[in-house]
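This report covers helix packing and aromatic contacts in one model. Please read it alongside the sequence and structure shown here.

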Amino acid sequence: MFDSHAFYKKRLSAHVKNLSRYLKYMFNGHIAFAMFFFIAATAYYYQQWLEQLPPNFPTGIIMGIVLGLLISYNPIRTLLQEPDLVFLLAAEQQMGPYFRNSIIYSFVIQTYLIVLASAAFSPLYFTSFDERAGSVFLVTVLLFLLLKGMNMLINWYMLKVRDKSSRTIDLTVRTLLNIVIAYFVIEGQALYAVITIVLLFLVIVYDFIVASKQPGIFWDLLIEKDQIRLQSFYRIANLFADVPHLKNKVKRRDRMTKTFISRIPFERSATYDYLYQISFLRSGDYLGMYIRLVVIGGIFIWVIPNIWIKMVFAILFIYLSVFQMMALYQHHRTQMWLDLYPVNPGLKQTAVIRIIRKLGYVQAFAFTFLFIFQLEWLGSVIILLGGLSFVWAYIKLYVKPKLDKV
């Protein structure tokens, strides 16, 4: 007899081992130091900002939206794989323990989001509602965890529904209700919170009735969603280590590609320049990661009042961009046809370093303009010279020796 519980334990063990291997590379010494500084500086300015918090600050709205969205976000990690569509379909009636374990594992993992978000908001909560005891906030967090468990359970049943629009409408309605509930709970409006919770409960009962009429498990959807989440993790991990399981997605981005590629000379020596610029613009998540780092770094530079901390954050985000773009060098490692190029193999490293240098310089100029826009003239000069010098020195002393060893 097929033991789906034992089968899940094997799948979970392999899954955790796989994640642990890549997380070890992702949180190496460089990133750990950057994250430590990032968290420490954020906590410091967060505390300073709370000391000047206006009395009419919309704490309930902000916490309600964030926590409501987290309560509604309930992906189920089934750990299913594409071959299961063939080999496990016959054992569908015996898969109850497997899917029960999947729901429990998913809930435990997602619990951390509620706990971390609540911990991050707790200083703001107690500053805005200083008359409330800590036990009230603890009960609030427990209520949010209970609501998340209810939403996760009904989310599992709704995965049986074939109609995508029905699932979308249901998720939208529950998300709005969760946000309103979180808002009323944070604001201490107990009566309105109870009424909204009753409405949510009625929606959940209706969803359960609809899902119970479905013929069976929607295997295609479960496998598709699980593979999408796994590939998203692989794309992030690929920025730090070689991920052979990654399925790269290519996006056309015609206008952007034509704008940048048109400047590359049609010469044999520019072969790898063309290849890696195309790869940066269209493959994987290099462009998205770079833009996110520039935007997030720009936000910190804009909101932090201390000019010296601004400059430290500017250098930090330039460093993160340059460091993560090094993964571009290994992007075509499995493409054997590159060995057929009638060009000097050393041009490959030269092209990658040239792209990384350009990206670092562009980011340094972008941060400099932010300083100029805020009339921080001294800071603009220092970050321009310091940013350009840092990019040049980091590539010379770290990136190039690192790529030589690959």
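The model is predicted, so local features need pLDDT of at least 70 and side-chain atom pairs count only at pLDDT 80 or more, while totals for chains, interfaces and linings use all residues. Residues are numbered from 1 along each chain as its sequence is written, and side-chain values use heavy atoms, with hydrogens and water left out.

**Helix contacts**

Helices (H or I, at least four residues) are DSSP runs numbered from the N terminus. Axes are lines fitted to C-alpha atoms over the stretch in contact, and angles run from 0 to 180 degrees between N-to-C directions.

| Helix pair | Angle | Axis separation |
|---|---|---|
| Helix 3 (residues 59-72) and helix 7 (residues 164-187) | about 140° | 7 Å |
| Helix 11 (residues 271-282) and helix 12 (residues 286-303) | about 70° | 5 Å |

The angle of about 140° between helix 3 and helix 7 makes helix 3 oblique to helix 7. Angles under 35 degrees count as roughly parallel, over 145 as roughly antiparallel, 65 to 115 as roughly perpendicular and the rest as oblique. Contact means heavy atoms within 4.5 Å. Residues making the contact include Gly 60, Ile 61 and Met 63 of helix 3, and Leu 171, Arg 174 and Tyr 183 of helix 7. By class, the residues of this contact are 11 nonpolar, six polar and two charged. Ala, Val, Leu, Ile, Met, Phe, Trp, Tyr, Cys and Pro count as nonpolar, Asp, Glu, Lys and Arg as charged, and the others, Gly among them, as polar.

Helix 11 and helix 12 pack at about 70°, which makes helix 11 roughly perpendicular to helix 12. Here Ser 279, Phe 280 and Leu 281 of helix 11 meet Tyr 286, Leu 287 and Tyr 290 of helix 12. This contact has five nonpolar, one polar and no charged residues.

**Aromatic pairs**

The structure holds 19 aromatic pairs. Rings of Phe, Tyr and Trp (its six-membered ring) pair if their centres lie within 6.5 Å; planes under 30 degrees apart count as stacked, over 60 as edge-to-face and the rest as tilted. Tyr 125 and Phe 137 form a tilted pair, 4.8 Å centre to centre with 45° between the planes. Tyr 125 lies in helix 5 (residues 96-128) and Phe 137 in helix 6 (residues 134-158), so the pair ties together parts 12 residues apart in sequence. Both Tyr 125 and Phe 137 are buried (under 20% relative accessible area, with exposed over 50% and partly exposed in between; 1.4 Å probe, protein chains only).

Tyr 183 and Phe 184 form another tilted pair, 5.5 Å centre to centre with 55° between the planes. Tyr 183 is partly exposed at 30% relative accessible area, whereas Phe 184 is buried at 17%.

Definitions and conventions: Helix = DSSP H or I, 4+ residues; strand = E, 2+ residues; numbered from the N terminus.
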